[in-house]
Amino acid sequence: MFPMIRIEGVRHAYKTPSGPLPVLDGLEMSLDEGGFSAVVGPSGCGKSTLTRLISGLMKPDEGKVMLHGEVVTGPRATVGMAFQNPVLLEWRSILQNVILPLEIVPNTLSKAECEDRARYLLHLVGLEGFEDKRPSELSGGMRQRASLCRALVHKPEVLILDEPFGALDAFTREDLWQTMHKVKENEPFTGVLITHDLREAIFLADQVVVLSGRPARTQYLLDVPDTGPRDLEHLYTPEAAEMLAILRHQIEIAQGRAPAEGEAA
Ligand SMILES: Nc1ncnc2c1ncn2[C@@H]1O[C@H](COP(=O)(O)OP(=O)(O)OP(=O)(O)O)[C@@H](O)[C@H]1O
Ligand SMILES: [Mg+2]
């Protein structure tokens, strides 16, 4: 059985007027079907670049990005994406915004089935009753919920979330974490979440990948034990505190603020 996502020895440099800018250098990552991986690392280390490689928007200079054992050579409809800024179309209702990918990605659904699917997802994330509103009539958290529905509407195999909750206040963010768990229980996808929030990483993911500073390599992998349904209380347990301390230390190493193991202080 192939892992859903496999990243092998990936190196990439952007061409810039002042010469190549190496961004990724020796990235390794493997994620089984249905898994959820959080990727953390210093700002500018190459996390969004990684999402572009997985989604096939870019090809790496070296190494392989594989989905189900097949090398990714271009954008795929089987990948859904949501970003920090939800970018919903103001001239379409929330329902019409969520349906949009079904108008683009080839599928066999009738118009009514597309609507049903979008309504079901909006209900799942707590947006029933807002189907006919325009994006500007919704709060930031609600827009992010709608954006999540839009990313999922065509049943992607892989869902990539690039700091989707980064711009939200702490309480709204925690609400959305819980919504994410509900969505995960009801929708089968393999998730990659880019985040700067270590609590978010251990609350949502079953694996946390720490990237080094640029050019990024896989510096550290943390498996988050499956302890059954997660609630916010779990973040205050000694086990969670220990995981957060490990990750914080790894981020300090990635930022060059703490020596790596084996290095002189
Ligand atoms: N198209 C591009 N051309 C040239 N350089 C780029 C391009 N896109 C990104 N970069 C540079 O590559 C590096 C990695 O960018 P990337 O957006 O992947 O980082 P990131 O880890 O997502 O950062 P952040 O945490 O701030 O979102 C940065 O130094 C950025 O300036
Ligand atoms: Mg980024």
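**View 1. Pairing of β6 with β7 in the predicted model.** In this predicted model, strands β6 and β7 run parallel to each other and are joined over 5 bridges. Within this pair, Met81 has Ile160 of β7 as its bridge partner. Helix α4, formed by residues 140-152, packs on the sheet and touches both β6 and β7, and the direction of α4 makes about 165° with that of β6.

**View 2. The open sheet of 6 strands.** The strands follow the order β6-β7-β8-β3-β9-β10, and their pairing is mixed. Because β6 (79-83) and β10 (218-223) stand at the edges and each has a single partner strand, one side of each is left without a neighbour in the sheet. On average, and with direction ignored, neighbouring strands of this sheet are turned by 15° against each other.

**View 3. The contact between domain 1 and domain 2.** Domain 1 is made up of the segments 1-75, 158-164 and 189-227, whereas domain 2 covers 79-155. The C-alpha centres of the two domains lie 26 Å apart, and the contact between them takes 9 residues from domain 1 and 9 residues from domain 2. On the side of domain 1 that touches domain 2, the largest share, 5 residues, is supplied by strand β7 (residues 158-162). Sorted by class, that side of domain 1 has 6 nonpolar, 1 polar and 2 charged residues.

View 4. Strand β1 (residues 5-16) pairs with strand β2 (residues 19-31) in the antiparallel sense over 10 bridges, and the two strands form a hairpin with 2 residues between them. Thr16 has Gly19 in β2 as its bridge partner. Strand β1 is also joined by 5 bridges to strand β4 (residues 62-67), and these two strands run antiparallel; here Arg11 stands opposite Glu62 in β4.

**View 5. The shell around ligand 1.** The residues that surround ligand 1 are Tyr14, Thr16, Leu21, Val23, Ser43, Gly44, Cys45, Gly46, Lys47, Ser48, Thr49 and Arg214. Two or more residues of this shell are given by each of the elements β1, β2 and α1 (47-54), and the largest share, 3 residues, comes from α1. By class, the shell around ligand 1 has 4 nonpolar, 6 polar and 2 charged residues.

Definitions and conventions: Residues are numbered from 1 along each chain as its sequence is written. Chains are lettered from A and ligands numbered from 1 in the order in which they are written. This is a predicted model: local features need pLDDT of at least 70, side-chain atom pairs count only at pLDDT 80 or more; totals for chains, interfaces and linings use all residues. Two strands pair if DSSP finds at least two bridges between them. Helices (H or I, at least four residues) and strands (E, at least two) are DSSP runs, numbered from the N terminus. Domain bounds come from an automatic or database domain assignment. Two residues are in contact if their C-beta atoms, placed from the backbone, lie within 7 Å. Ala, Val, Leu, Ile, Met, Phe, Trp, Tyr, Cys and Pro count as nonpolar, Asp, Glu, Lys and Arg as charged, and the others, Gly among them, as polar. A residue is near a molecule or strand if its C-beta atom, placed from the backbone, lies within 6 Å of it. Axes are lines fitted to C-alpha atoms, for helices over the stretch in contact, and angles run from 0 to 180 degrees between N-to-C directions.
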